[in-house]
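Biologist: Could you walk me through this model? I would like to learn how to read its strands and backbone angles.

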Amino acid sequence: MSFSQDVRQALKRTILDKDQAFSCLYGILLYSRVFTSEQICLQSESETIVDLLPQLLHTVFSFPKGTVTVERGRGGLYSLSLQNPAAVAEICERYHIHLDNRQINLCNIVQNSMPAFLAGVFLTCGNLMDPNKSYHLEFVTPTSVLCNDLSLFLQQLLGIRGHVFQRKQSFVLYVKDSEQIEDMLTFMGAQQCTLDLMNIKIKKDMRNKANRVRNCDAANIDKVVSAAMRQTEEILLLAEKRGLDTLPPDLQELAELRLENPELSLKELGELLHPPIGRSGVNHRFQKLSMMAKELREHVGTEK
């Protein structure tokens with residue numbers, strides 16, 4: 001089951017009384033893909049709305065549950081239609097819907113049932129991507145008026161500023177901020193889905209931090225190996241051309257430790273010296289050895 005399906009199932013369980021049923025049904029019908037004087041049609045991949053819509057129509061209007069025709073097409077897409085002009089007229093009258101200019105009428109959202117209305121809108125045209133992949137909630141609305149009305153509704157009610165664009169014949173309002181998505185889910189009543197989303201965010205954040213640490217460790221290891229190889233080459237050159245016993249005691253001790261421990265970091269080498277010294281002290285001594293090796297190469301080059 002997809003994350004969107006989980007949300008729809010959770011929203012279905014929040015419709016507990018007639019006021020909530022009235023507002024939820026208003027959201028579903030108002031944002032249906034087709035709404036004419038002859039019929040109301042919507043499409044969904046969710047069995048939740050297939051079960052819920054006839055129940056709501058029966059609760060609010062006492063329509064028989066067979067009033068809604070359900071057809072299942074390719075890819076499991078359901079088409080739900082109410083093809084009864086008298087029923088459509090009754091719905092328009094009860095909800096004060098004008099077919100030539102569908103828009104949100106707050107008078108229909110009674111007794112603090114705005115969460116139920118927004119749940120109805122989500123049920124009919126909302127979709128939430130799998131948060132393991134991306135944070136993206138969108139409403140695919142049938143008209144620009146309804147899209148802008150919904151955008152204003154969310155902004156005034158929850159402080160959520162969505163983005164609007166046109167996709168073919170539809171108008172899409174989307175939100176990509178994870179905290180705003182959480183606020184919307186909580187407001188609609190899908191609190192468990194909010195917790196699930198937050199847990200996914202925590203796990204993703206932990207994985208990202210672990211990856212950054214792993215990448216950093218790998219980069220540091222590469223630096224240590226590269227530096228150790230360069231230092232070993234320079235020490236072997238000094239040993240071959242002049243002998244390590246000609247070096248000052250502190251440099252000789254470090255050179256021999258490096259040859260014996262090519263895998264150790266500067267800090268670890270410093271801890272083995274007598275007396276131990278810090279990383280910067282070890283680095284300073286290696287710089288001296290490097291200068292000696294450089295002078296030796298230059299000298300050999302001039303002789304040739």
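Biologist: How many bridges join strand 2 to strand 4?

Modeller: Two strands pair if DSSP finds at least two bridges between them. Here strand 2 (residues 40–44) and strand 4 run antiparallel, joined by five bridges, and I40 stands opposite L82 in strand 4. Helices (H or I, at least four residues) and strands (E, at least two) are DSSP runs, numbered from the N terminus. This is a predicted model, where local features need pLDDT of at least 70, side-chain atom pairs count only at pLDDT 80 or more, and totals for chains, interfaces and linings use all residues. Residues are numbered from 1 along each chain as its sequence is written, and side-chain values use heavy atoms, leaving out hydrogens and water.

Biologist: Which strand pairs with strand 4 over four bridges?

Modeller: That is strand 3 (residues 69–72), also antiparallel, with V70 opposite L80. Their hairpin has five residues between the strands, and G75 there takes a positive phi near 70 degrees.

Biologist: Is strand 4 largely enclosed or exposed?

Modeller: Buried means under 20% relative accessible area, exposed over 50%, partly exposed in between (1.4 Å probe, protein chains only). Four of the five residues of strand 4 (residues 78–82) are buried, so the rest of the structure largely encloses this strand.

Biologist: What is the phi of S62?

Modeller: Most residues other than glycine have a negative phi, and most peptide bonds are trans. S62, not a glycine, has a positive phi of about 60 degrees; S62 is exposed, at 56% relative accessible area. The peptide bond from H274 to P275 is cis, with omega near -5 degrees.
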